[in-house]
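Hi,

Here is the structure I promised to pass on. Have a look at it first, and then read my notes below.

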Amino acid sequence: MNVDVVASTGSMIVVSNRLPFVLQRNKEGNLVRKASAGGLVTAVAPVVINGNGLWVGWPGIHLDDPNEPIPESDPSDITPTAGLKSEKVIAVRIDPIIFDSYYNGCCNATFWPLFHSMPDRATFKGEHWKSYVKANKEFADCTLKALKSLPRHAGEFPLIWVHDYHLMLAANWIRQAADDLGLQCKLGFFLHIPFPPWDIFRLFPWSDEILQGMLGCDMVGFHIADYCLNFVDCCQRNLGCRVDRKNLLVEQGGRTVRVRPLPIGIPFERFVELAEKAPRVFGTTQKIVLGVDRLDYTKGLVHRLRAFEKLLENHPEHIGKVSLLQIAVPSRTDVKDWSAELTGRFTTPNWSPIRYIYGCVSQDELAAFYRDSAVGLVTPLRDGMNLVAKEFVACQINIPPGVLIVSPFAGAGETMHEALISNPYEIDDASEVIHRALTMPEDERILRMNYLRRREKLNDVNYWTKSFLAAMGSLVTQEDHDDIG
Ligand code: GDG
């Protein structure tokens with residue numbers, strides 16, 4: 001059976017903090033769209049475009065005039081959102097001061113560190129929480145307007161898909177308001193970051209409200225089973241809900257909420273195509289160990305550099321032959337200082353232990369880096385999934401291939417079983433794992449990479465979207481569509 005997604009049954013409303021493109025003002029002061037083409041957007045946008053869909057989100061700019069129309073995409077735009085007509089987009093407008101306190105305060109200074117199990121980095125401020133509540137109300141109100149505007153067909157309930165930690169309260173308000181108006185709908189939520197254990201989660205002073213917000217959904221999705229179990233545990237211990245751990249069910253207010261592990265994938269074939277086309281980026285004499293990360297404390301950059309330093313100390317045969325290439329969007333300076341020290345200690349006239357690229361490289365260039373590296377080093381201290389690990393294996397089209405190293409504290413470490421697993425906190429062992437990767441026999445490299453690539457190809461980002469829609473009972477396949485047609 002051909003199971004390409006055509007649309008969800010009935011209509012669908014996607015709700016995310018950001019719209020799938022950013023609005024900017026051009027020199028003339030007119031609004032223009034700037035495309036974004038992440039995997040998530042690529043997978044979800046066609047469902048909204050092809051079906052009877054709408055996308056609710058913040059447009060990346062504060063709009064003063066509530067009647068200013070959203071522009072259509074530029075005719076030269078070839079990204080997946082080009083077909084997303086402005087009538088399918090609802091731009092949420094939030095007061096700039098509230099937005100700053102909601103986004104930079106509650107989302108990034110509280111939920112991000114707390115949900116990554118780093119409570120010492122989290123701040124807990126009543127002002128930020130109030131802004132989070134207000135912002136979520138705005139998103140819920142906009143979603144309700146969207147729901148009211150949708151044409152309704154007998155026997156089909158619109159599906160509302162809410163994304164991520166920015167919007168954990170919105171679902172329950174949407175449900176209550178929709179119930180009051182007699183507008184039946186299905187509500188699903190997906191969290192892209194980890195859901196922490198109860199002992200961490202309960203540090204948040206308003207943790208009950210968060211759980212109640214998420215339990216407004218019919219189904220709540222996480223990347224892996226551990227996050228699901230943490231959520232179920234919190235519902236039981238915080239709210240006293242009846243739960244079924246085996247079947248991942250939570251009872252709340254006379255409804256049963258399903259909790260599901262739905263590990264996200266990448267647009268696998270797109271990365272293979274990029275890797276096939278991209279020109280060579282490194283010479284053949286030196287091996288590259290590659291790291292690609294946003295410069296964030298969750299990514300374990302300092303631990304990684306220490307492990308690489310230990311590698312050169314304990315296995316000097318790699319000096320002059322292996323470099324660590326770290327691609328990073330800069331935001332912190334402590335890593336830079338450490339890298340300078342390491343560079344100074346080992347550099348020779350013809351070789352440097354570390355190469356650092358600050359800022360974004362193009363996706364073509366990224367695919368070439370992935371393809372031509374001997375080792376992909378994905379060692380966050382905590383990470384919901386980590387798409388870099390998956391993109392690395394998609395681009396490993398050379399024979400013999402390279403080796404992937406993943407932290408057990410990333411969702412990817414739970415699902416990519418043939419990678420070498422390395423605890424980033426254990427510096428000595430982490431350096432030995434890099435040595436093992438660099439000296440791994442060809443046949444073992446081929447076997448491991450074949451299995452890794454096969455899994456990611458099957459479980460790509462389209463498969464993830466289909467799994468979500470299927471779990472919501474809202475999947476229409478190509479075959480169904482042909483039958484209807
Ligand atoms: C959340 C969760 C979860 C990075 N540098 C460059 C570049 N990138 C791209 C990579 C990759 C993405 O950024 C980073 O992957 P993440 O997995 O960290 O994704 P986020 O959306 O930031 O994070 C995470 C994810 O959601 C999905 O659910 O996996 O755990 O935190 O796609 O390719 N892209 C380009 N140049 C760069 O320099 N072009």
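Let's start with two helices: H2 and H3 are roughly perpendicular to each other, because angles of 65 to 115 degrees get that label. Helix H2 covers residues 96-115 and helix H3 residues 126-149, and they pack at about 110° with their axes 8 Å apart. (Axes are lines fitted to C-alpha atoms over the stretch in contact, and angles run from 0 to 180 degrees between N-to-C directions.) On the H2 side the contact includes Ile98, Phe99 and Tyr102, and on the H3 side Trp129, Tyr132 and Ala135 are among the residues. Two residues are in contact if their C-beta atoms, placed from the backbone, lie within 7 Å.

A word on the source: this is a predicted model, where local features need pLDDT of at least 70, side-chain atom pairs count only at pLDDT 80 or more, and totals for chains, interfaces and linings use all residues. Residues are numbered from 1 along each chain as its sequence is written.

Now the whole protein. You'll find 17 helices and 19 strands, which are DSSP runs numbered from the N terminus (helices: H or I, at least four residues; strands: E, at least two). The C-alpha atoms fill a box of roughly 70 × 50 × 50 Å along the principal axes. Of the 485 residues, 47% are buried, meaning that 20 or more other C-beta atoms lie within 10 Å of a residue's own. Among contacts between residues at least 6 apart in sequence, 80% join residues at least 24 apart.

Cheers

Methods: A residue is buried if 20 or more other C-beta atoms lie within 10 Å of its own, exposed if 12 or fewer, and partly exposed in between; C-beta atoms are placed from the backbone. Angles under 35 degrees count as roughly parallel, over 145 as roughly antiparallel, 65 to 115 as roughly perpendicular and the rest as oblique.
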